[in-house]
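Me: Got a minute to go through the ring contacts and a helix packing in this one? I'd like to keep it quick.

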Amino acid sequence: MDNKRVLVCSAWPYASGVPHLGNLVSSLLSGDVFTRYWRMRGRDVLYVSGSDAHGTRIEYEAHQLGISPAELAQRNHEKIVDVINGFGIEFDNYTITESPVHKRFVQEIYLQMERNGYIVTRVEKRAYCRNCKIFLADRFITGTCPHCGYPHALGNQCDACGAILEPEELINPVCSFCGKSDIEFRPTKHWYLDLAKLSPKLEEYVQSRNFQGNVKLFTEQMIADGLRPRAMTRDIAWGIPAPFAGAEGKVIYVWGEAALGYVSAVIEHFNGDERWKEFWFGDNVHQIYTIGKDNIPFHTLIFPGQLIASGQGYHLPDQIAATEYLNWAEGQSFSKSRGVGLYCDDALNVMDAEYWRFYLLYNRPEGRDVNFSYEELGKAVNGVLISNVANLINRVLSFVQTRYDRVVPDVPLDPEVEARLDQAARAYAHAFEAGSLSHAVRTATALAVFGNEYFQRTAPWETGDARAVGSTFHLVKGMALMLHPFVPKFATRVLAAMGIAAPTWEEIFAPDAGREVTTTRVLLERIDIDTIRGRVKELETSADKVPLAEFEKLDLRVGEIRAAVPIPGTDRLYKLTIDIGGELRTSVGGLRTNYPANALIGKKVAVVANLVPVKLKGVKSECMLLAAKGDIISLLSPDKDVPPGTRIG
C-alpha cells in the first residue's frame, strides 16, 4: 500500500437500541483494530461511523414509548457512544444520520444521480397493512424466502441466503406490527436506483477488487442473478425528505442513505476543509469497511452504485472485511426482548472490556458462524492471554530487572528468534491485508508459546546466557506491539514498562541493547467462568423485569374521558380530553376502529399521568391510556365507580 492514506468505516449501529456482542465484533471493534494497526504502520488514518437514526422501526418504537423519533434516536445514540468509550474504541468522527451535514449531502447526491439518469420512477404496489392502516417498510414484513425457503425472511433481505428481496416476493407475508396477514399491495410512486443500468460498471468495479470469502461469494452470486432497480424512497414520515420533484411526503430509504454517511462523516470531520476529498478522491487512499455478512450487498453493490451514479468520481471501497455471525449459546440469535444473548452495555458490567476485546477478536467469526462459549472464553482469556502471553512478559521483565539491573543486555540476537519474529510479522501483516483479524491476533499470541518454550529451553537462570535474555525480550516486545491493536490498554502498559511511548511498526525490529525496564510486572487477573456465567444468567432472567423503584415512579390514576374528537388526516386517532382529578389532560389515542366517540364520553379509564408530553400529529399528548391489545383494543377500566384522580397502585 506504499504511503497511502487509510479510511476505515464501520457499519452504522441502528439507533433503536444498544449493539450486542455480535454487532460489536463485526463492525465497531474490528474497525478500531484496523485503525490502530494502520496508524502503527505510520499511515494517515481516519476512522468514521455513526448511529443510524432513521427508519420505520425507530418511528414505531418512539410512538409506542410516547416520544418523538428524534428523541429516541438521540437517547440511544448517547448509549452507543457510552459503549464505544467503554470498549476503548477510538473514532475520529462518530456522528449520527440526523446530522445536518449528512442530510444535506444525501439530498445533493441523489439529485446528482437523478441528473445522470440513474434514478427512475415506478408506480408499483407496495405492502399496506389494512389492520394497522399504514404502508409497511420492507423490514416489517416477514415471510418465506422464495429463493431458499427460509421462513423468517424480511421484506428487504433474506438473512439465510443473503438474497436482496422486494416484499411482494415473500411467500405468505405477515405484518410485523400486528402479526396478521391482512396485507394488500396498494399502488404508490417511488424513486429507484437503476442498478440494472449500473450493472456493467459495477461488474467492472467488482472485478477490480480482490474480494475474499463470503464477500466474493455473495457479490458474484447477486451479479450472476442479475441486478434490478432498487427502491430508494419510502412512504413513512421519519427520515430524510426525498429531494425529487413530486416526492413530497416521502423519505429516502434508510438503507439508501446510511452508507452515504461514510462520505458525510468525513466531510463533517473536516468542517468544510477541502481535505476531506483526500480520503474520497484519487488513488492515494485505501478504504476498509468492517461489517457483518448481512450488509455485504449494500457495501459491494448498492453503495458503490450510488457513488458511480453521482458522476463525481468518488473512490470506491477497496477492502470489505465482513464477518459471519456471532450467535449466542447453541446458535440462538441475540434478542433483548427474549433475554437471549449479551448486549454491550450489560457486557461492560460482566467483565473487563479488555478481556471482551481479546475473546471476541480471538474468536472473530471468519469463514463460519461462531457460537458464544464460556469454555472458549476461559481458554482465550485465562489460557492464552494470561497464562501464555502475560506470563512470558512478566518472566522476562522480572529477569531483566533482577539479573541485569533493569537494563537489557547488549548482545547479538539469536538467529532462531529473529527468524521466528520476522516470519510472524509477515504473517501478521498478511492477515490484516486479507481482513483476517482472528488470524492476526493468533499469530501474535503464538509467539508467546514459542517464547515460553525458548526461554525454558535456554534456561538463562542456569546458563547465564545473556543472548537468550536479550532475544526473548526482543520477541516479547514485538509480540506486545502486535497485540496493541487488539488489547491497547494492556499492550500500552507492557510497552511503557519497556520504555516505549508509542507503538510503531519499526519498533518491532529495532535493537534493544541498553533499554531500561521501568516496571517489573504487568498483572492481569484471571477470570472465574462460573462468576461470569452467573452474572450473565442474572441479566438474562431480569431482562423482562422492571425494578420496583422504577415502577413506583409511574403516576397511575383513574381518569374520565370528557371529549373524543377525531384528528383530521388520520384513520385511527382521537384527541381525548381526560379529567384526572381536578385537572384536564390531553391524550392522543388510536381507538377509532374500536370505539365510536359517543362510547368514550364519560368512560372511566386507567391513565399514566406523568409521562413526558410529546406531539403526535400536531397534538400535544400529555398522558397515556392503558389498554389490552389483541385482535381488538380494550381500555382498562375500574370495576366500581370511583372518582377521577383516584390513585392506582
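Predicted model: local features only at pLDDT ≥ 70, side-chain atom pairs only at ≥ 80, totals over all residues.

Me: Give me one. How are the rings of Tyr37 and Phe432 arranged?
Reply: Their centres are 3.9 Å apart and the planes are at 5 degrees. Planes under 30 degrees apart count as stacked, so Tyr37 and Phe432 are a stacked pair.

Me: And where do those two sit in the chain?
Reply: Tyr37 is in helix H1 (residues 21-40) and Phe432 is in helix H12 (residues 415-434).

Me: Buried or exposed, Tyr37 and Phe432?
Reply: Tyr37 is buried at 0% relative accessible area, and Phe432 is buried at 1%. The cut-off for buried is under 20%.

Me: What about Trp328 and Phe372?
Reply: Those rings have centres 4.3 Å apart with planes at 10 degrees, so that pair is stacked too. Trp328 lies in the loop between strand S15 (326-327) and helix H9 (344-350). Phe372 lies in the loop between strand S16 (370-371) and helix H11 (374-404). The pair therefore ties together parts that are 44 residues apart in sequence. Trp328 is buried, with a relative accessible area of 3%, and Phe372 counts as buried at 4%.

Me: Which residues do ring pairs link into a cluster?
Reply: One cluster includes Trp12, Phe105, Tyr262, Trp276 and Trp280. Phe281, Tyr289, Phe303 and Tyr314 belong to that cluster as well.

Me: Switching to charges. Which ring face does Arg41 lie over, and which does Arg186?
Reply: Arg41 lies over the face of Trp505, at 4.1 Å from the ring centre. Arg186 lies over the face of Tyr128, at 3.7 Å from the ring centre.

Me: OK, helices. How do H11 and H15 cross?
Reply: The axes of H11 and helix H15 (residues 466-483) come within 10 Å and cross at roughly 140 degrees.

Me: Why are they called oblique?
Reply: Over 145 degrees would count as roughly antiparallel, and 65 to 115 as roughly perpendicular. The H11 and H15 angle is roughly 140 degrees, so they are oblique to each other.

Me: Left-handed or right-handed?
Reply: The crossing of H11 and H15 is left-handed.

Me: Which residues make the contact?
Reply: On H11, among them are Val389, Leu392, Ile393, Val396 and Phe399. H15 contributes residues including Ala466, Val469, Phe473, Val476 and Leu483.

Notes: Residues numbered from 1 in each chain as written. Heavy atoms only, no water. Phe/Tyr/Trp six-rings, centres within 6.5 Å; stacked < 30°, edge-to-face > 60°. Helix = DSSP H or I, 4+ residues; strand = E, 2+ residues; numbered from the N terminus. Buried < 20%, exposed > 50% of the residue type's maximum accessible area, 1.4 Å probe, protein only. Lys NZ or Arg CZ within 6 Å of the ring centre and 35° of its normal. Axes fitted to C-alpha atoms, helices over the stretch in contact; angles between N-to-C directions. Parallel < 35°, antiparallel > 145°, perpendicular 65-115°, else oblique. Left-handed = near helix turned anticlockwise from the far one by under 90°. Contact = heavy atoms within 4.5 Å.
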